[in-house]
Amino acid sequence: MDAVDSSRSQEDGLGYVHIQDIPALNQEHCKMRDPQRVERIINEFVCGGPERMQLVSDFDYTITKQRTDDGLPVLSSFGIFNECKSLPAVFKTETDKLFHKYRPIEIDPHMPKAEKIQYMIEWWTKSGELTSGFPFDQSEIDQMASKFKHALRDRTHELFETLLRLQIPVLVFSAGLGNSVVSVLRQANIMYPNVKVISNFLQYRDGLLAGFQEPMIHTFNKNETVLNGSEYYDLVHTRDHIIVMGDSLGDADMAAGVPASSHIMKIGFLFDHVEANMDKYMNTFDIVLVDDQTMDVPRALLALIEQRHQLRHPHLANGSSAPPMLNAAL
């Protein structure tokens, strides 16, 4: 513990948090390259309280599971759309070809990021061109999404309830299809007033699909710089304590654009090509969770923040509704 941490914890009078006292961070599948750094950030979070926090999360295979107990596949947000019955046969055939061509590139542990970005732009551009020229009803996405509202990571509902109770803004950043993301979150009853979704949304022209709304969001460009000038940015840009969660290396940059003084805890869910990806994930994320299909680690961090907050503000221990500013801004 350095001098700053020591003086702060003494002023606080409530003690310094040690990693060995957090069970969720002491499990075999929980990996940390620099435990001291993780411990230091946790104590910054705890001392700063919920009013300085925000959470930024990927959706596909981060809020949703990477695998289910019964072995059934979990569709991505684009996958949900692609299963809709009214889509033309040629659309399904061609998008399937694109997936099998570009998905291996997206998760390839050896290809340089700069090269991957060009392929991702190709993938999203071609997908937008295919998603044009035919009628489509959003209700089809809702019907398909209803089958996957239970495919969220274990204890996701408890996580989102805590975030709402602590009035912590949540940004769900998805390079997938926003229409599907919002539908799943709504049907799972966690699309709370503090939750904002930035993603690719369908657009229409003369009653027919016309690709996706701008700007294009792909795996390697989704970060808070795209929020500049928005109402949401005005709400969160002063919240300099950030939990970032994702399942791909590009997700680690989702907080890019925040002030350099920010304290950021990056949590990576690793499932594909574990051995080949381990070193890169360990060098990119502060915490790497190997085949963890729960939200136990972010919940543990929020529990520490809430516990300290309640000790400082006992009159708030029963929780309160989000202030009007938070509801209005989201």
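## Strand 2 and strand 7

V56 has V244 in strand 7 as its bridge partner. The two strands involved, strand 2 (residues 53-57) and strand 7 (residues 241-246), pair in the parallel sense over 5 bridges. Strands here are DSSP runs of E with at least two residues, helices are DSSP runs of H or I with at least four residues, and both are numbered from the N terminus. Two strands count as paired if DSSP finds at least two bridges between them.

Helix 2 (residues 35-48) packs on the sheet and touches strand 2, strand 7, strand 8 and strand 9 (287-290). The direction of helix 2 makes about 125° with that of strand 8. Such angles run from 0 to 180 degrees between N-to-C directions, with axes fitted as lines to C-alpha atoms, for helices over the stretch in contact.

## Basis of the model

This is a predicted model, in which local features need pLDDT of at least 70 and side-chain atom pairs count only at pLDDT 80 or more, while totals for chains, interfaces and linings use all residues. Residues are numbered from 1 along each chain as its sequence is written, and side-chain values use heavy atoms, with hydrogens and water left out.

## The chain as a whole

The chain has 12 helices and 9 strands. Of its 330 residues, 52% are buried. Buried means under 20% relative accessible area, exposed means over 50%, and partly exposed is in between (1.4 Å probe, protein chains only).

Contact means heavy atoms within 4.5 Å. Among contacts between residues at least 6 apart in sequence, 72% join residues at least 24 apart.

An open sheet of 7 strands has the order 1-9-8-7-2-3-4, with mixed pairing. Its edge strands, strand 1 (30-31) and strand 4 (195-200), each pair on one side only.

## The hairpin of strands 5 and 6

Strand 5 (residues 202-205) and strand 6 (residues 208-212) run antiparallel and are joined by 3 bridges. R205 has L208 in strand 6 as its bridge partner. The two strands form a hairpin with 2 residues between them, and D206 in the turn has a positive phi of about 55°.

## The largest pocket

A pocket is an open set of points on a 1 Å grid over the protein atoms alone, where a 1.4 Å probe fits and protein lies on both sides within 12 Å along at least five of seven lines. Grid points are joined across faces, edges and corners, and a volume is the space filled by probe spheres set on the points. The largest pocket holds about 880 Å³ of space. It is lined by 45 residues, and those closest to its centre are S76, F99, R103, E106 and W123. A lining residue has an atom within 4 Å of a point.

Helix 4 supplies the largest share of the lining, 8 residues. Among the other elements that supply at least two residues each are helix 5 (113-130), strand 3 (170-177) and helix 10 (274-284). By class, the lining has 19 nonpolar, 13 polar and 13 charged residues. Ala, Val, Leu, Ile, Met, Phe, Trp, Tyr, Cys and Pro count as nonpolar, Asp, Glu, Lys and Arg as charged, and the others, Gly among them, as polar.

## Individual loop residues

G49 is in the loop between helix 2 and strand 2. It is buried, with a relative accessible area of 1%. Leaving aside neighbours within four places in sequence, G49 is in contact with I305 and R312. The C-alpha atoms of G49 and I305 are separated by 5.9 Å, although the residues are 256 apart along the chain.

A cis peptide bond, with omega of about 0°, joins E214 and P215. P215 lies in the loop between strand 6 and helix 9 (231-236). Q167, which is not a glycine, has a positive phi of about 60°, and is found in the loop between helix 7 (156-165) and strand 3. N189 is not a glycine either and has a positive phi of about 65°. N189 is in the loop between helix 8 (178-187) and strand 4, and counts as exposed at 57% relative accessibility.
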